[in-house]
Structure formats: structure tokens, C-alpha cells
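I opened the model and kept notes as I went.

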Amino acid sequence: MAVLATGAVTLAACGSGFNSGDKGSSGGSGNGPISVLIGSSGDAETNAVKSAVADWSKSSGVKANVTVANDISQQLSQGFTSGKPADVFYLGNDTFPAYAKAGDLDPFAAKLSNVGDFYDTIKQSFTYNGKLYAAPKDFSTLALIINQDSWAKAGLTDADIPTNWDQLAAVAKKLTTGDQVGLSISPEFARVGVFMAQAGGWLVSPDGKTATADSQQNVDALTYVKKLLADGSLKFSSAVGAGWGGEAFGKGKAAMTIEGNWIVGALQHDFPDVKYKVAELPAGPAGKGTMQFNGGWGIAADSKNKDNAVKLVQYLTQTDQQMGFAKAFGVMPSVKSAADQWKQAYPTQAPFLAGADYAKSIPNIVGIADVVKDFNSQLQGLANNDPKQILGTVQQNLQAAVGK
């Protein structure tokens, strides 16, 4: 689960070289076996996907084989380079732009009958040069996770759940004891970024054409986080001997953390006795803000079986299939038609879905993974470094990426 929590922004964005144009409109009417390549969080996800694919295969009469990648980014790139890629595969919105620019992907998704049912924010995160290159399969957002026992011990009630930055700072300080820090998060953009969104900043302009990392809003956000670090009410997970915020929370090293809905399964599996509550993140100076991590189904431009590959993806993104995946391994469906059903099934997790209305995704530009990787390394030293200087370096790296 720790890998899942951070993997959305750490995959290397590589393709088979940067050429121009799509190869996606030619060929693909073959009836050979469909190859499906996925990255998996564990047996629950693997078994759920294999079962769904097997059901489609049985009903369609088309053979399909699912392979679990050890390193999906590497294996996708190798397949594209060799001209023998998997037909259908998982895509992350941080890596797909490089593949799209290289002509490795088929822009098929706009043709799906349920394309209007996908959340617009997820579709945007898989759109490159005006074309939709992946069918959204699920998504996750970040929320505030609260240890109920620690909360009650500190004399706090539901009325004290923070709704703004000042309140978050106050309860984090009150929850901090000699054995437990009030708030712990992973030292990375994929967590600190929520404060940038809440301050009204982001890495790029809304049209994605201008780097905005060094904006005053982002400086304000990192300054706020640095103040919490200085107060001792916030510690990065690495500072409390944990690999990610969920582990720090589960081990009782932190009374609160900021994590995605994957933490639900992690706590059930590793820390079943921890009582917790999920709340929407407090608003910042510009209002509410959170981060969204999107998964998609891609189809290779060089696939010889595109027609059947599209039919398989159409099946896998149906509402009932997505609800089955949600039950199996904790993701949120990418279709709006499943929202009410999902909230009824998982009412305590509703704040995660609420975040979809104001969440921001990692910018879908070529090279963003490398920019974020460098940003993450700098954030680890935020307590002792100047936020403006950190963001200045990010701005330089980002401008180079946007310029491509």
C-alpha cells in the first residue's frame, strides 16, 4: 500500500522516442488473444481484474490473458519499443503524456458509449492535444484521517474537526504529545500539494501552458507547512520511522494524516484495531482543495486486436464492474452513475468522493514525473530551507518541461 500511496507520481515518464502523430487509427481488427498488462496492489486487485476479464472472455468468445507487471512503466516502454506491446494496459496520468506524444497510444476512449459518464476532471487528466487517450478506470483523492481515540483523549469532538488552516494548526498542536505527533504526512508533492491547491496555487496555469510553481500562493502554502514543522505539530513520516503517512498513523505515531482511500484497506489489513474517522481536508485561503490520482485503461496504437480491445475496456468500465472493483480493492469508480451507490455502500468514506468536486490532478505534461521527483527530494529539507528558493528550482525545471 505504501507503493500505491506514492507511486502515482514516481513512475519514470518514458516512451519509445518522441515522434509526431498517432498510429491509433489503423489496423486492429484481428481476433487474436487480448493481452492485458496491469500493475497491482496485491492479490485482491489481481484476482478481481482476472475474474472480470475472464467473464468478458467467456461471454465474448475472445481469449484474453492478464499479466501483472513488476515494473509497469518499464514493461510498457519495452513493449512499445519492440513493436509488441500489450493490447490493453493500466495507465497513470503522470506517465501517459510521453506515450501519447510518442504515438504509442490509441486515442480510442472518446468513442466509448459511456464517455459522458466519466468525471470530467479524470478525462482532462488523460487528454493530450485535445484527444482522450485512456478510459478512466478509477480514482482516489486525499482526505484528513483522524484517530478517534487520540481525538477523544485530547478532549476534542466532531465540532472541532478543522475546516480551515488555523483550526488545523490548533488541533495538530493539541494532539501532539511526547509519543505522538498531531499530523504526519509523506514528504512529497503528492501530499504537500493539497496546501498549494488550498492556497489557490498549482504547478501550472489552468490551460497547462505556463509554469506557476513559484507563485506567491505556492510560497504561502509551503510557508504554512514549514511553520507546522517548526512548531513540532507536523512531522514527515520519515521522521517518525514510517514509510508513509498511513503507517505512521496506524502505528500510533501520528494522530492525523492526509491520505487517499487506499488507507482503508491498509488499516484493515495491518492495523485493524485503529479507530478512525475520515473528514474533508480543511479549506485554505482560496477555499477547499485536494489532490486526485487517476487510473486509466490504455490501448496500444500497434495493437492488432483493437476492436476487441475496445470492447473489453467498454466492459471493464461499466458501472457494475467498477463497483465490483471498489468492493474488491477499495478504489472509487470513475463514472458519475456509480456515485450514489458507492456512497451508500461506503458512507464513512464519503469525504473522499466529495473531494472530486474540487480536486486537482498532477499536470499531464511530458516530463512531469522527473520534475516531481526533484521537488520531492527538496521537500524533505523544507524545515531548514526557504520555500521560495525551493519553488524557484521547481519553476526552472517545470518551465523546461512545459516548453516541450
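I count a contact when heavy atoms lie within 4.5 Å. With that set, I looked up glycine 355. Outside four places in sequence, it is in contact with Thr141 and Thr290.

**Ground rules.** The model is predicted; local features need pLDDT of at least 70, side-chain atom pairs need 80 or more, and totals for chains, interfaces and linings use all residues. Numbering runs from 1 along each chain as its sequence is written, and side-chain values use heavy atoms, without hydrogens and water.

**Confidence.** I checked pLDDT, the predictor's confidence in each residue, from 0 to 100. The protein chain has a mean of 91, and 92% of its residues reach 70 or more. Residues 1-22 stay under 50. The model still has 59 contacts beyond four places in sequence for residues 1-22.

**Glycine 355, continued.** I took helices (H or I, at least four residues) and strands (E, at least two) as DSSP runs, numbered from the N terminus. Glycine 355 sits in the loop between helix 15 (350-354) and strand 13 (359-361). For burial I used relative accessible area: buried is under 20%, exposed is over 50%, and partly exposed is in between (1.4 Å probe, protein chains only). Glycine 355 has 2%, so it is buried.

**Core.** I defined a nonpolar core as buried Ala, Val, Leu, Ile, Met, Phe, Trp, Tyr and Cys residues joined through side-chain atoms within 4.5 Å. Which residues touch the most other members of the largest core? They are Phe189, Leu203, Met256, Trp297 and Phe375, out of 128 residues. Another core lies apart from it, with 5 residues, among them Val181, Ala242, Ala248 and Ala254. I then listed the partners of phenylalanine 189 beyond four places in sequence. They are Met196, Trp202, Leu203, Met291, Ile362, Val372, Phe375, Asn376 and Leu379.

**Helix 8.** I asked how many residues of helix 8 are buried. The count is 10 of 10, so helix 8 is largely enclosed by the rest of the structure. The buried residues include Arg191 and Gln198, along with Phe189, Val192 and Phe195. Glycine 200 follows helix 8 and has a positive phi, near 95 degrees.

**Helix pairs.** I fitted axes as lines to C-alpha atoms, for helices over the stretch in contact; angles run from 0 to 180 degrees between N-to-C directions. The axes of helix 8 (residues 189-198) and helix 16 (residues 368-379) come within 10 Å and cross at roughly 85 degrees. That makes the two helices roughly perpendicular. The classes are roughly parallel under 35 degrees, roughly antiparallel over 145, roughly perpendicular from 65 to 115, and oblique for the rest. Phe189, Val192 and Met196 in helix 8 meet Val372, Phe375, Asn376 and Leu379 in helix 16.

Next I took helix 16 with helix 17 (residues 387-403). Their axes come within 9 Å and cross at roughly 170 degrees. Helix 16 is therefore roughly antiparallel to helix 17. Helix 16 contributes Ile368, Val371, Asp374, Phe375 and Gln378 to the contact. Helix 17 contributes residues including Ile390, Val394, Leu398 and Ala401.

**Helix 12.** 8 of its 11 residues are buried, so helix 12 is largely enclosed by the rest of the structure. The buried residues include Lys306, Asn308, Leu312 and Tyr315. They pack against elements including helix 2 (43-60), strand 11 (290-299) and helix 13 (319-329). Aspartate 307 is in helix 12 (residues 306-316). Is aspartate 307 buried or partly exposed? It is partly exposed, at 43%.

Aspartate 138 is in strand 6 (residues 135-147) and is buried at 9%. A polar contact is a pair of N or O atoms within 3.5 Å; within protein, one must be able to donate a hydrogen and the other to accept it, and residues adjacent in sequence count only if both atoms are side-chain atoms. The side chains of aspartate 138 and lysine 137 make one of 2.8 Å. Glutamate 259 lies in strand 9 (residues 254-260) and is buried at 0%. Its side chain has a polar contact of 2.9 Å with that of tryptophan 262.

Asparagine 129 is not a glycine, yet its phi is positive, about 50 degrees. At 68% it counts as exposed.
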